[in-house]
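Hi everyone, thanks for making time.

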Amino acid sequence: MSSSRFAVTSDRLSLEPLIGLVSAPGDAAPGRPGAVATFLGLVRERNLGRRVLRLEYEAHERLAVRAFERIDAEVRARWPTVRLALHHRVGRLEIGEASVAIAAGSPHRAEAFAACRYTIERVKQIAPIWKHEYFEGGDVWIEGATADPDDEQARQEALGRSCA
Amino acid sequence: MRVTIRLFARLRELARRDELTREVGGAATVADVWGALAREFPALEPYTRSVSAAVNDDYSPMTRALANGDDVAFLPPVSGGRR
């Protein structure tokens, strides 16, 4: 498990270290948080009507960490008291295993929840990480939208969902 | 000048390689490198509208002019799930 707040790793993910990373006093945020919101994304057994056997995640790792740092900067611009940690797993994952773990600490719960939701939406939009789904009867790369960190409309959509 | 090209996910599979180096013209842009690559590997051509790029580990517009030794990564669309 990485001790960095932002990491791409082939190790199993766990929320505990991330909670520790956003709960430490000092750094940019003043003092210890009063709230930590967390998110764990798990490999689903069914996707688009298919029975999923396993997933393989591939990343441009250095660019992914930079994308995470960019999301962190966006979060701090919007919610200055939030301290964020975000780890994404790569390699082969079985059903039920965690692919992404997020912790957002802040003095109060509203910002923590909003920042956590915003972060997962932005990860899906701009992190250079690809999912190769192996299902019963075949396999497919899951491809959605072109990754464009400067797409302001996408950013506003993420913001809208996080503050709904 | 020479650039290193890196391919990810489905692009890597279609071209059957994850890294290659190519000689390009002095004023080449990211789009020029992609165009040459898609001619060399026609299976990549359908991605011309949806591919994005990173140069030296930073997202980059396709119009960026390259320098000798640059590392150019081509990225297929990301999962971008809405649920």
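**A valine in a loop, and what surrounds it**

Let's start at one residue. A:V90 touches A:V8, A:T9, A:S10, A:Y57, A:E58, A:A59 and A:E61, leaving aside residues up to four places away in sequence. Before I go on, please keep in mind that this is a predicted model.

So where does A:V90 sit in chain A? It lies in the loop between β5 (83-89) and β6 (91-94) of chain A. And is A:V90 buried or exposed? A:V90 has a relative accessible area of 11%, and buried means under 20%, so A:V90 counts as buried. One more thing about this residue: A:V90 and A:S2 are 88 residues apart along the chain, and their C-alpha atoms are separated by 13 Å.

Okay, let's zoom out to the whole of chain A. The secondary structure of chain A comes to four helices and nine strands. Reading from the N terminus, the order is β-α-β-β-β-α-β-β-β-α-β-β-α. The C-alpha trace of chain A spans about 50 × 35 × 30 Å along its principal axes. For 164 residues, a compact globule would have a radius of gyration near 15 Å, and chain A has 16 Å, which agrees. Of those 164 residues, 49% count as buried. If you take the contacts in chain A with a separation of 6 or more, residues 24 or more positions apart account for 75% of them.

Now the helices of chain A. Helix α2 of chain A covers residues 61-78, which makes 18 residues. From its first C-alpha to its last, α2(A) reaches 26 Å, close to the 26 Å expected at 1.5 Å a residue. Which residues of α2(A) are buried? They are A:L63, A:A64, A:A67, A:F68, A:I71, A:D72, A:E74 and A:V75. Here's a handy bit of background for looking at that list. An α-helix has 3.6 residues a turn, so residues three or four places apart point the same way.

What does α2(A) pack with? α2(A) and α3(A) pack at an angle of about 145 degrees, with their axes 10 Å apart. The crossing of α2(A) with α3(A) is right-handed. On the α2(A) side, the contact is made by A:A67, A:F68, A:R70, A:I71, A:E74 and A:V75. On the α3(A) side, you'll find A:A115, A:Y118, A:T119, A:R122, A:V123 and A:I126. Sorted by class, this contact of α2(A) with α3(A) has eight nonpolar, one polar and three charged residues.

Next pair. Helix α3 (residues 109-126) and helix α4 (residues 152-162) of chain A have axes that come within 8 Å and cross at roughly 145 degrees. The crossing of α3(A) and α4(A) is right-handed. From α3(A), the contact uses A:A114, A:R117, A:Y118, A:E121, A:R122 and A:Q125. From α4(A), the contact uses A:A154, A:R155, A:A158, A:L159, A:R161 and A:S162. How do the residues of the contact of α3(A) with α4(A) divide? There are five nonpolar, two polar and five charged.

On to chain B. The secondary structure of chain B comes to two helices and five strands, and along the sequence the pattern is β-α-β-α-β-β-β. Chain B has a radius of gyration of 12 Å, close to the 12 Å that the globule rule gives for 83 residues, so chain B is as compact as a globular protein of that length. Its C-alpha trace spans about 45 × 25 × 20 Å along the principal axes. Buried residues make up 49% of the 83 residues in chain B.

In helix α2 (residues 30-40) of chain B, the buried residues include B:V30, B:V33, B:W34, B:G35, B:L37 and B:A38. The buried residues of α2(B) pack against β1 (2-7), α1, β2, β3, β4 and β5 (71-75) of chain B.

Last stop: two residues with a backbone angle to look at. B:R16 is not a glycine, yet it has a positive phi of about 55 degrees. B:R16 is found in the loop between α1 (9-15) and β2 (19-23) of chain B, and at 76% relative accessibility it counts as exposed. B:D57 isn't a glycine either, and its phi is positive at about 70 degrees. B:D57 is found in the loop between β3 (52-55) and β4 (58-60) of chain B, and B:D57 is buried, with a relative accessible area of 12%.

Terms used:
Residues numbered from 1 in each chain as written. Chains lettered and ligands numbered in written order. Predicted model: local features only at pLDDT ≥ 70, side-chain atom pairs only at ≥ 80, totals over all residues. Heavy atoms only, no water. Expected span 1.5 Å × (residues − 1). Buried < 20%, exposed > 50% of the residue type's maximum accessible area, 1.4 Å probe, protein only. Axes fitted to C-alpha atoms, helices over the stretch in contact; angles between N-to-C directions. Left-handed = near helix turned anticlockwise from the far one by under 90°. Contact = heavy atoms within 4.5 Å. Nonpolar A, V, L, I, M, F, W, Y, C, P; charged D, E, K, R; others polar. Rg over C-alpha atoms; globule rule 2.2 N^0.38 Å.
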